[in-house]
Amino acid sequence: LNDYLQLDLGIGYYNTNIRISELDRECGDINLRYALTSHLELQLNTRFEMFRFGSGGPSGAYALTQLHYRL
């Protein structure tokens with residue numbers, strides 16, 4: 001297996017109760033995966049989440065880096 005680079009982009013919307021205003025959440029995801037060989041892989045998973053987008057609500061984010069080795 002040759003090395004490869006994969007990029008995944010995503011957007012999301014979640015609302016726990018559409019009858020109550022300003023409970024909605026929006027998010028954007030970026031996931032990057034790089035396989036060096038068939039046994040070694042490096043991943044970066046990120047998310048940025050906004051509450052009440054456009055209304056000045058709070059936001060949050062995370063990033064996770066993983067190194068996988070398979071026998």
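Of the 71 residues in the protein chain, 14% are buried (under 20% relative accessible area with a 1.4 Å probe, protein chains only; exposed is over 50%, partly exposed in between). The model is predicted: local features need pLDDT of at least 70 and side-chain atom pairs count only at pLDDT 80 or more, while totals for chains, interfaces and linings use all residues. Residues are numbered from 1 along each chain as its sequence is written, and side-chain values use heavy atoms, with hydrogens and water left out.

**Exercise 1.** State how many helices and strands the protein chain has, and in what order the elements run.

*Solution.* Step one: apply the rule that helices (H or I, at least four residues) and strands (E, at least two) are DSSP runs, numbered from the N terminus. Step two: count 0 helices and 4 strands. Step three: read the order from the N terminus, which is β-β-β-β.

Step four: consider the spread of this chain. Its radius of gyration is 17 Å, well over the 11 Å that the globule rule gives for 71 residues, so the chain is more spread out than a compact globule. The radius is taken over C-alpha atoms, and the rule is 2.2 Å times the number of residues to the power 0.38. Step five: along the principal axes, the C-alpha atoms fill a box of roughly 50 × 20 × 15 Å.

**Exercise 2.** Work out which strands S2 pairs with, and in which direction they run.

*Solution.* Step one: two strands pair if DSSP finds at least two bridges between them. Step two: S1 and S2 run antiparallel and are joined by 11 bridges; here Ile11 stands opposite Gly28 in S2. Step three: S2 is also joined to strand S3 (residues 40-51) by 11 bridges, again antiparallel. Cys27 has Glu49 in S3 as its bridge partner. Step four: S2 and S3 form a hairpin, with 4 residues between them.

**Exercise 3.** Find what share of the contacts with a separation of 6 or more in the protein chain comes from residues 24 or more positions apart.

*Solution.* Step one: contact means heavy atoms within 4.5 Å. Step two: residues 24 or more positions apart account for 37% of those contacts.
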